Amino acid sequence: KKGTWYVQLSYKDWSGIQRHTCKRGFESKKDALDWEKDFMDKLAGTNDMSFETFAQLYLDTMKTRIKESTFCTKEVIIKNRIIPFFKTKKINEITNQDVIKWQNEMMSIVDEKTHKKFSKSYLKTLHNQLSAMLNHAVRYYDLKKNVAVTDTDILSAYQLNETAAGILVDVKNNEVLFAENAFEIRYPASLTKLLTAYIAVKYCSLDETIICTSEVSYSEFDDAVMLGLKEGDKLTMDQALRLCLVSSYNDAANAIACHVAGTLADFADLMNEEAKNLGATSTNFVNPNGLPNDNHYTSVYDLYLIFNAVINNADLYEIIQTLEYSTVYYDKFGNEKTAYAHNTNRFFSNDYALPSNVTLVGGKTGTTDDAGYCLIVLVKDKFSNPYIAVLLGSDSRDHLYNEMSSLIAEIVK
């Protein structure tokens with residue numbers, strides 16, 4: 001075809017025989033050069049090649065080594081479920097987080113025939129195929145390690161006992177050390193307030209004055225933890241954030257939400273938009289505080305992403321370390337009102353102990369009947385390396401803190 005590009009190459013095959021190839025019909029020079037690079041990568045078999053190129057090499061190898069029916073199943077899975085996600089990524093640049101994001105995508109797919117999401121057994125099959133591919137790359141193409149070596153669980157000997165879902169992440173190396181039910185949909189309770197705080201500092205300054213609207217004191221639950229804010233009360237964003245994150249006052253979260261977006265409903269829309277921007281694709285929030293609602297949910301992996309964004313803000317990083325806080329704000333008539341906050345994290349109060357050589361930086365607690373006992377923490381080891389740990393759905397406070405301590409102990413063994 002006239003007006004198109006072509007590639008003509010001479011090369012030696014695996015047996016040393018000199019061969020020639022010619023590929024025509026490229027619409028641009030870039031397309032031709034990309035094809036040439038992929039072809040040469042395939043010949044060289046380096047770990048710098050794209051995943052798509054590697055996948056074709058892998059399939060070419062496996063075709064002669066396994067039964068035809070087994071190969072056909074493997075080929076369909078790789079071409080339809082794995083290549084589309086990792087396609088252009090170099091195999092030596094794939095991370096634990098990439099694997100988790102891919103799993104997250106697979107878990108969200110609804111089968112066109114059954115109108116149901118993939119079964120756990122099929123999801124496991126998908127993961128095993130990816131892991132087998134990367135094992136092949138480790139063995140034959142000098143890939144440093146298989147980041148899908150197990151089901152995102154490097155601490156394979158550790159298992160949760162009294163908690164529904166958890167994750168432990170090495171923040172410095174951006175590596176998932178442990179994950180169990182990392183993408184399972186769970187209620188987050190007051191861990192929701194972390195996203196509320198993240199949005200607050202993104203859109204507002206700490207010295208802005210919040211004037212409480214009638215929605216601030218709204219709650220469907222009589223036992224919700226409330227400071228007692230009333231319409232017309234005035235406080236700064238800094239005050240509201242500390243009252244929201246330290247003592248988990250639900251009306252403080254409402255005050256932030258209404259100040260940022262005008263209404264609680266509009267703020268919920270903003271929360272979901274910002275969650276998606278952070279990669280938290282399993283999250284759907286309907287309020288800024290985490291009070292129970294069937295449509296208010298997330299996953300431990302999503303909460304890790306949100307908390308990681310929180311700790312990268314210097315103001316929030318300082319606030320989550322606060323043990324106690326007292327302040328004065330004003331009612332609509334200008335009268336002083338005093339507020340007190342005490343950190344709800346029982347590690348801070350020494351009711352429960354962390355492993356030796358581990359220091360607690362801060363975090364957030366959450367508890368409702370539906371969510372169970374929940375906790376997210378940032379800790380550092382003796383070398384000041386940071387780790388984020390998240391646990392959701394524990395059946396008691398004792399089990400939650402003991403489980404968290406046991407999980408964190410794995411990093412200092």
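Reading a predicted model: cores, rings, spaces and backbone

Biologist: Which residues have the most contacts inside the largest nonpolar core?

Modeller: In soluble globular proteins, nonpolar side chains tend to be buried together. In this structure, which is a predicted model, the largest nonpolar core has 70 residues, and those with the most contacts inside it are Ile167, Leu241, Leu243, Phe307 and Val390. Helix α10, residues 300-311, gives the most to this core, with ten residues. There is also a second, separate core of 30 residues, which includes Ile78, Phe86, Ile94 and Ala148.

Biologist: With which residues is Ile167 in contact, leaving aside its neighbours within four places in sequence?

Modeller: Apart from those neighbours, Ile167 is in contact with Val176, Phe178, Ala179, Val300, Tyr301, Tyr304, Ile388, Ala389, Val390 and Leu407. One of these, Val390, is also among the residues with the most contacts inside the largest core.

Biologist: How many helices and strands does the protein have?

Modeller: The protein has twelve helices and eleven strands. Its C-alpha atoms fill a box of roughly 90 × 50 × 45 Å, taken along the principal axes. Of the 413 residues, 50% are buried. Among contacts between residues at least 6 apart in sequence, 60% join residues at least 24 apart.

Biologist: Let us turn to the rings. How many aromatic pairs are found in the whole structure?

Modeller: A search of the whole structure finds ten aromatic pairs. Phe51 and Phe54 form one that is edge-to-face, at 6.1 Å centre to centre and with 65 degrees between the planes. Both residues lie in helix α2, residues 51-62, three residues apart, about one turn of the helix. Phe51 and Phe54 are both buried.

Biologist: Why is the pair of Phe347 and Tyr401 edge-to-face?

Modeller: Planes over 60 degrees apart count as edge-to-face. The planes of Phe347 and Tyr401 stand at 80 degrees, with the ring centres 4.9 Å apart, so the pair is edge-to-face. This pair links distant parts of the chain: Phe347 is in the loop between β8 and β9, Tyr401 is in helix α12, and the two are 54 residues apart. Both Phe347 and Tyr401 are buried.

Biologist: Which residues do ring pairs link into a cluster?

Modeller: The cluster consists of Phe51, Phe54, Tyr58, Phe85, Phe86 and Trp102. Of these, Phe86 also belongs to the second core.

Biologist: How many residues line the second largest pocket?

Modeller: The second largest pocket is lined by 26 residues, of which Ser190, Val225, Gly366, Thr367 and Thr368 lie nearest its centre. About 580 Å³ of space lies in this pocket. Strand β9 supplies the largest share of the lining, five residues, while β9, β10 and α12 each supply at least two. The lining has nine nonpolar, eleven polar and six charged residues. Thr368 lines the largest cavity and this pocket.

Biologist: Finally, where does His115 lie, and what is its phi?

Modeller: Most residues other than glycine have a negative phi, and most peptide bonds are trans. His115 has a positive phi, near 60 degrees, and lies in the loop between α4 and α5. At 63% relative accessibility, His115 counts as exposed. Ser384 also has a positive phi, of about 70 degrees, although it is not a glycine. Ser384 is placed in the loop between β10 and β11, and at 48% relative accessibility Ser384 counts as partly exposed.

How values were computed:
Residues numbered from 1 in each chain as written. Heavy atoms only, no water. Core = buried A, V, L, I, M, F, W, Y, C linked by side-chain atoms within 4.5 Å. Buried < 20%, exposed > 50% of the residue type's maximum accessible area, 1.4 Å probe, protein only. Helix = DSSP H or I, 4+ residues; strand = E, 2+ residues; numbered from the N terminus. Contact = heavy atoms within 4.5 Å. 1 Å grid on protein atoms, 1.4 Å probe; cavity = no way out; pocket = protein on both sides within 12 Å on 5 of 7 lines; lining within 4 Å. Phe/Tyr/Trp six-rings, centres within 6.5 Å; stacked < 30°, edge-to-face > 60°. Points joined across faces, edges and corners; volume = space filled by probe spheres on them. Nonpolar A, V, L, I, M, F, W, Y, C, P; charged D, E, K, R; others polar.
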